[in-house]
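Dear colleague,

I am handing over to you the structure shown below.

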Amino acid sequence: MKTKQGRPAHELSEENRLYLREAFLREMVPLLKEWQGRTGVVNCAFAGAKYAGWNIVFKSIGSGFEIVEFECTERKTASPAP
């Protein structure tokens, strides 16, 4: 399935990636610092319900954090066997 922009539906647009990066810095980095986070995976629902099907894989770098990748968590369900 493809989006209106012609990219597969399981890929984020650059605009969405930028929004998620900004929201991660604003919402999650302060919490990760407080919790002394180093590496991990965070669901993107913190950025809004439309992003709940995505995860951010992150790691710490110096006093900050870097997004390693975005993962799609929406799984296609298999058709029932006949």
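What percentage of the 82 residues in the protein chain do buried residues make up? Buried residues make up 29% of them. Please bear in mind throughout that this is a predicted model.

**Overall arrangement**

The protein chain holds 1 helix and 3 strands. Read from the N terminus, the order of its elements is α-β-β-β. Among contacts with a separation of 6 or more, 31% are between residues 24 or more positions apart.

**The helix**

Helix α1 covers residues 14-34. Its 21 residues, at 1.5 Å a residue, should span 30 Å, and the end C-alpha atoms are 29 Å apart, which agrees. Within α1 there is a kink of about 45° at M28, shortly before the proline P30.

Which residues of α1 are buried? They are N16, L20, A23, F24, M28, V29 and L32. The buried residues of α1 pack against β1, β2 and β3.

Leaving out residues up to four places away in sequence, N16 touches K50 and Y51. With Y51 there is also a polar contact of 2.8 Å between the side chains. E22, also found in α1, is partly exposed, with a relative accessible area of 42%. The C-alpha atoms of E22 and A47 are separated by 9.3 Å, although these residues are 25 residues apart along the chain.

**The loop after the helix**

Q36 is in the loop between α1 and β1. Just after the helix, Q36 takes a positive phi of about 60°. Why is this worth noting? Most residues other than glycine have a negative phi. Q36 is a residue other than glycine with a positive value. At 60% relative accessibility, Q36 counts as exposed, because the cut-off for that class is over 50%.

**The strands**

Strand β1 (residues 39-43) and strand β2 (residues 54-61) run antiparallel and are joined by 5 bridges. In this pairing, V41 stands opposite V57 in β2. Strand β2 is also joined to strand β3 (residues 64-72), by 8 bridges, and these two strands run antiparallel as well. Here K59 stands opposite E66 in β3. The hairpin of β2 and β3 has 2 residues between the strands, and G62 takes a positive phi near 60° in this hairpin.

W54 lies in strand β2. Is W54 buried or exposed? W54 is buried, with a relative accessible area of 9%. Not counting residues up to four places away in sequence, W54 touches H10, E11, L12, V42, N43, C44, F70, E71, C72 and T73. As for one of these, C44, the C-alpha atoms of W54 and C44 are 5.5 Å apart in space, and the two are 10 residues apart in sequence.

N55 is also placed in strand β2. N55 is buried, with a relative accessible area of 13%. Its neighbours within four places in sequence aside, N55 is in contact with V41, V42, N43, C44, E69, F70, E71 and T73. With one of them, N43, the side chain of N55 makes a polar contact of 3.1 Å.

**The cysteines**

How many disulfides does a search of the whole structure find? The search finds 0 disulfides. C44 and C72 are both among the residues that W54 touches. C44 counts as buried, at 0% relative accessibility, whereas C72 counts as partly exposed, at 32%.

I would be grateful if you would read these points alongside the structure itself.

With kind regards

How values were computed
Residues numbered from 1 in each chain as written. Predicted model: local features only at pLDDT ≥ 70, side-chain atom pairs only at ≥ 80, totals over all residues. Heavy atoms only, no water. Disulfide = S-S within 2.5 Å. Buried < 20%, exposed > 50% of the residue type's maximum accessible area, 1.4 Å probe, protein only. Pairing = 2+ DSSP bridges. Helix = DSSP H or I, 4+ residues; strand = E, 2+ residues; numbered from the N terminus. Polar contact = N/O pair within 3.5 Å; in protein donor to acceptor, adjacent residues only side chain to side chain. Contact = heavy atoms within 4.5 Å. Expected span 1.5 Å × (residues − 1). Bend = angle between axes of the 7 residues up to and from the residue.
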